[in-house]
Structures are given as C-alpha cells and as structure tokens.
Amino acid sequence: MDNYYDIHAEEYAEKTLKADMSAVQQDFLSLLPIGGFILDCGCGAGRDTRDFLKAGYNVLPIDGSAEMCRLTTELTRVDARKMLFEEIEFIDLFDGIWASASLLHVPKEKLGDVLHRLNRALKKNGVLFMSFKYGNFEGIRDDRYYTDINDDDVESLVGEGWKMIKYYISGDKIGRDEVKWINIFMKKKGTAT
C-alpha cells in the first residue's frame with residue numbers, strides 16, 4: 001500500500017492530468033496575492049503545479065511518492081521534493097497550500113498534527129485548500145488508506161489557528177458518477193506562529 005503511487009504512477013497520471021480543476025483552482029487563487037508562493041501538498045503527477053505556474057505563481061511541489069515527484073518534475077521543470085506530510089517543517093513560508101485529494105490518505109487521528117504543520121507553514125492569513133472524498137468511510141479501499149469527510153466532520157477540522165472560509169460538495173472530475181468531493185477552504189488566523 002505504501003508504494004501504491006510508485007507502482008501505479010503512469011496509470012494515475014493518465015487518469016488525472018486532463019481533469020479540469022480550473023474552477024476550484026480559480027477559487028483558490030482568488031484568495032492569494034498575485035504571484036504568491038504555493039505549496040502543492042501531494043502534487044501527484046503535477047497537473048496543479050503546472051496550472052499554477054502557467055498562472056504566474058511560484059510553486060513548491062511535494063509528494064510522498066518518488067515516481068510522482070519524477071513525473072511532476074518532468075511535466076513542470078520544477079524539482080518536486082519527496083516529502084511525507086509528517087515531515088513538513090516549513091515556517092511562515094507560503095501564501096497558499098493546495099492539498100487536492102492528498103490529505104484523504106491521512107488517518108483521521110493524525111489529521112490534527114498534519115493541519116498544525118500546514119498552519120505553521122503558511123504566512124499570516126495564508127490559505128489552505130483541501131479536498132476529500134465525501135462520505136463516512138475510513139480504512140483500506142482500492143489498495144490505499146482513505147479518510148472520507150462529511151459535513152459533520154468539517155467543523156472538527158477547523159481547529160485552533162484556522163478560520164473557515166467556505167466548503168462545498170462537487171462532482172468527480174474524472175468521470176466517476178458515484179464519487180462526490182468535499183472542497184474546504186480555510187485561512188490561517190492571527191499572527192504568524
């Protein structure tokens with residue numbers, strides 16, 4: 001399971017690179033300073049890093065999979081850094097953090113620690129976007145660990161140091177009619193930590 005994305009990198013890239021994320025990306029970018037610095041947290045095959053670079057933003061892509069980092073680097077010519085969420089130690093560096101369909105692999109009891117690390121990595125008033133599959137499931141599905149989130153879970157994610165901007169449910173971008181997503185936008189509260 002831990003090396004799922006290394007084994008299936010090409011197949012994953014084929015499925016996800018053409019997904020139209022422009023509406024959600026524009027929602028996110030509208031909350032950032034023009035040309036700001038974005039952490040693409042769980043960059044996958046590099047689709048969002050590519051799109052943010054084209055829009056004139058600076059991006060640091062990270063992923064826990066060496067193969068995903070390789071694909072992102074090939075696609076964008078930006079060196080993707082192999083890094084697990086629990087290894088994030090940046091402080092007050094990013095205007096925005098984009099975690100599209102990546103934090104969903106973190107067990108629910110570890111999400112608080114990861115969100116604290118992401119909060120610390122953001123500049124004052126920095127913005128976090130994250131998306132999860134919508135539902136109640138937690139456990140192994142399709143050879144990966146998943147934490148699904150529903151409306152009742154959203155408030156528990158807004159811990160100390162965060163202010164909810166908005167969240168909404170959307171359909172799947174790669175054609176799976178049965179899959180819904182919950183898209184969450186939060187802002188770092190108060191002064192830099």
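**Reading a predicted fold, feature by feature**

Modeller: Let's begin with C41, which counts as buried because its relative accessibility is 0%. Buried means under 20% relative accessible area, exposed means over 50%, and partly exposed is in between (1.4 Å probe, protein chains only). A word on the source: this is a predicted model, where local features need pLDDT of at least 70 and side-chain atom pairs count only at pLDDT 80 or more, while totals for chains, interfaces and linings use all residues. Residues are numbered from 1 along each chain as its sequence is written, and side-chain values use heavy atoms, with hydrogens and water left out.

Biologist: Where does C41 lie, and which residues is C41 in contact with?

Modeller: Helices (H or I, at least four residues) and strands (E, at least two) are DSSP runs, numbered from the N terminus. C41 lies in strand β1. Contact means heavy atoms within 4.5 Å. Leaving out neighbours within four places in sequence, C41 is in contact with I62, F85, I88, I97, W98, A99, S102 and L118. The C-alpha atoms of C41 and L60 are 8.4 Å apart, though 19 residues separate the two along the chain.

Biologist: How many helices and strands does the protein chain have, and in what order do strands form the open sheet?

Modeller: There are 7 helices and 9 strands in the protein chain. Two strands pair if DSSP finds at least two bridges between them. Here 7 strands form an open sheet, in the order β3-β2-β1-β4-β5-β9-β8, with mixed pairing. β8 runs antiparallel to β9, and 9 bridges join them; W162, for instance, has K188 in β9 as its bridge partner.

Biologist: Now a helix. Which residues of α3 are buried?

Modeller: In α3 (residues 22-29), they are V24, Q25, F28 and L29. These residues span an arc of only 135 degrees around the axis, which puts them on the same side of α3. The arc is that of the directions from the helix axis to the C-beta atoms. The general idea is that an α-helix has 3.6 residues a turn, so residues three or four places apart point the same way.

Biologist: What covers the buried residues of α3?

Modeller: The cover includes β1 (37-41), α4 (47-54), β4 (94-99), β5 (122-133), β8 (162-171) and β9 (180-188). Take Q25, buried at 6% relative accessibility. Setting aside neighbours within four places in sequence, Q25 is in contact with D48, D51, F52 and W98.

Biologist: And S100, is that buried or exposed?

Modeller: S100 is buried, with a relative accessible area of 10%, and sits in the loop between β4 and α6 (108-121). Not counting residues up to four places away in sequence, S100 touches M21, G42, R47, D48, F129 and S131.

Biologist: Which residues form a nonpolar patch on the surface?

Modeller: Patches are made of residues with over 30% relative accessible area and no salt bridge: like charges are joined within 9 Å, nonpolar side chains (Val, Leu, Ile, Met, Phe, Trp, Tyr) within 5 Å. A salt bridge is a side-chain nitrogen of Lys or Arg within 4 Å of a carboxyl oxygen of Asp or Glu. Here Y134, Y167 and I169 form a nonpolar patch, with about 250 Å² of accessible area together. Those areas come from the Shrake-Rupley method with a 1.4 Å probe; for residues, only the protein chains shown count as cover. Y134 lies in the loop between β5 and β6 (138-141) and counts as partly exposed, at 34% relative accessibility.
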